[in-house]
Each structure stands twice: as structure tokens, then as C-alpha cells.
Amino acid sequence: MTDSLGWRCKFAVVAPSTNTSVQPEYEDMRPRGVTNHFSRIAIPDTKVHDEDSFMVMLNNIRAATFEATDVAMTMAPDCLIMGMSAETFWDGAEGAERLHQRMLERTGGIPVMMGSTAVDAAIKAYGGIRKIGIITPYMPVGDANVRRFFEDQGYEVVHLVGLKSPSPMLIAHETPQRLKQAAIDVSEGVDAIIQCGTNLAFAKVAAMAEFWLEKPVIAINTATYWHALRTMGIKDQFEGFGALLSDH
């Protein structure tokens, strides 16, 4: 027997308790017969004003991720999605692989999707992308790790704009207009634009920017959910979230 609502796939998603963007964006992309089940990584909404306070936020997430994962596993998911971003880029490609292996151990081998490797898969799906511009909500220490991950994968990071959002919850308060401007700011001389930070509500902004800028614009939530669907053999294509979901 299969789950009556999630008869094609049940996704468990672990995301910070301060994050108000990843859940509605995933729901907007959810095909019929697929269900999303969120387990919150309980963290305070710490103020982020420099690199030390950014690390406090990141360490709060690290300390609570496994507990949230254990809770999520009680509903017997088919796949676990990490609905958080910075930690999946930390220490470059090697750090991402270490985290992936730790998460697989925690899930007992259930597939684990991470933002960093999902975006890399999305870039490869488009093809022909070598030079990229990046948008993040982070402080410079977070930006450095994002840059390192993509450079480890062989991409040239031409531009990077870190928005320095003042708290994990307030990342979601960045306006579509500011995100539009950030996309423009990193667009010159690149093959694609990449957005990191799952609490930036960028999925629909990315689709619009992709049309106007006439180059791939990859939102991390779109890439991660797309990668999870395709990994689980779900090939549904639909409009409104850019070429990644409509064509790949």
C-alpha cells in the first residue's frame, strides 16, 4: 500500500524554523501525488551584523539539523530534502560531500537532496555554463564558501553580490525589487545567474529575470525541488519557474 495523498513520492524537508520562503515555494512546485512534509530546525532569529554573528546563526543550524532529521524520518519519507543552503556549500565540494554522507547515515540510506549539489546538477542540465554570477543573503564568510564550492566544480565566479541580510528570518523580507536589481548587478559577462539562500523568495523572480536577461537564472529552491523530483523519477514539466522545470 502507498500513502493515499503522496502516492508518487513523500518528501521530508528539513528547514530552519525562521525560514518562511522554502515551504510555500516548494508547495507551488508540487505535482499531484507528491507531498512535502516539513520538519523545522529550531533556531532563534539571531541578529546578523558581522561574520561572527553569521557563524553563530550557522552553528545554531548545525546543532539542530540532526534532531530535525530524526523527526522527519518518522513519517517514512521516500527522500529527504535539505531546505537550507549555507551549510551545504561550506568547505567547498569536499565539505558538501562530507555533509551528504553524514546525512545519508542519518537517514539510513534514504536519498538526500542538498542545495549545493542540486544547483550544480541544474547548471549541467542547462549545459554550456562556465561563467556565473551569484546572489546570496550572506555575510562575506558565507559568500567565500559559496564561491569555493562553485570554483571547486570548475566554474568561474565573475560576480558575487551578498545582501548581508540582518537576520535569518529577515532574509525573507528582501523585496522582489532588490532581488531584481541583484540579478541585474551580476548579469554582465556571465553564462548564468545563481541564487543561494533558501529563505530568499527568488523562484518567481528568477523565472522573470531569465526571460528578460535571456540567460539561465537558477533559484536554489527551484533547483533543489527539481533535482529531488528528477532523482525520484518524476518527470513532470510545468511553466512559471523557468526553463529548468519547463524544459529539463
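This report walks through the domains, cores, cavities and pocket of one predicted model.

## Ground rules

The model is predicted, so local features need pLDDT of at least 70 and side-chain atom pairs count only at pLDDT 80 or more, while totals for chains, interfaces and linings use all residues. Residues are numbered from 1 along each chain as its sequence is written, and side-chain values use heavy atoms, with hydrogens and water left out.

## Two domains

The domain assignment gives domain 1 (9-114) and domain 2 (117-221). Such bounds come from an automatic or database domain assignment. The C-alpha centres of the two domains lie 19 Å apart. Domain 1 brings 32 residues to the contact, and domain 2 brings 32 residues. Contact means heavy atoms within 4.5 Å.

## The nonpolar cores

A nonpolar core is a set of buried Ala, Val, Leu, Ile, Met, Phe, Trp, Tyr and Cys residues joined through side-chain atoms within 4.5 Å. Buried means under 20% relative accessible area, exposed means over 50%, and partly exposed lies in between (1.4 Å probe, protein chains only). The largest core has 66 residues. Phe11, Phe54, Met82, Phe150 and Ile194 have the most contacts inside it. Its largest share, seven residues, comes from helix α2 (residues 51-73). Helices (H or I, at least four residues) and strands (E, at least two) are DSSP runs, numbered from the N terminus. Another core, of 16 residues, lies apart from it, and includes Leu163, Ala183, Phe202 and Val205.

What does Phe11 touch, leaving aside its neighbours within four places in sequence? Its contacts are Val34, Thr35, Asn36, His37, Cys79, Ile81, Tyr225, Ala228, Leu229 and Met232.

Thr224 sits in helix α9 (residues 220-231). Is Thr224 buried or exposed? Thr224 counts as buried because its relative accessibility is 1%. Beyond its neighbours within four places in sequence, Thr224 is in contact with Tyr26, Ile81, Met82, Met113, Met114, Gly115 and Ala118.

Ala76 lies in the loop between α2 and β3 (79-82). Its phi is near 50°, a positive value in a residue other than glycine. Asp91 is in the loop between α3 (86-89) and α4 (92-107). Phi of Asp91 is near 65°, which is also positive in a non-glycine residue. Asp91 has 31% relative accessibility, so it counts as partly exposed.

## Cavities and a pocket

On a 1 Å grid over the protein atoms alone, a cavity is a set of points where a 1.4 Å probe fits but cannot get out, and a pocket is an open set with protein on both sides within 12 Å along at least five of seven lines; lining residues have an atom within 4 Å of a point. Grid points are joined across faces, edges and corners, and a volume is the space filled by probe spheres set on the points.

The structure holds three cavities of 30 Å³ or more.

The largest pocket holds about 200 Å³. Among its lining residues are Pro176, Lys180, Trp212 and Leu213. Helices α7 (176-185) and α8 (203-213) each give two or more residues to that lining.
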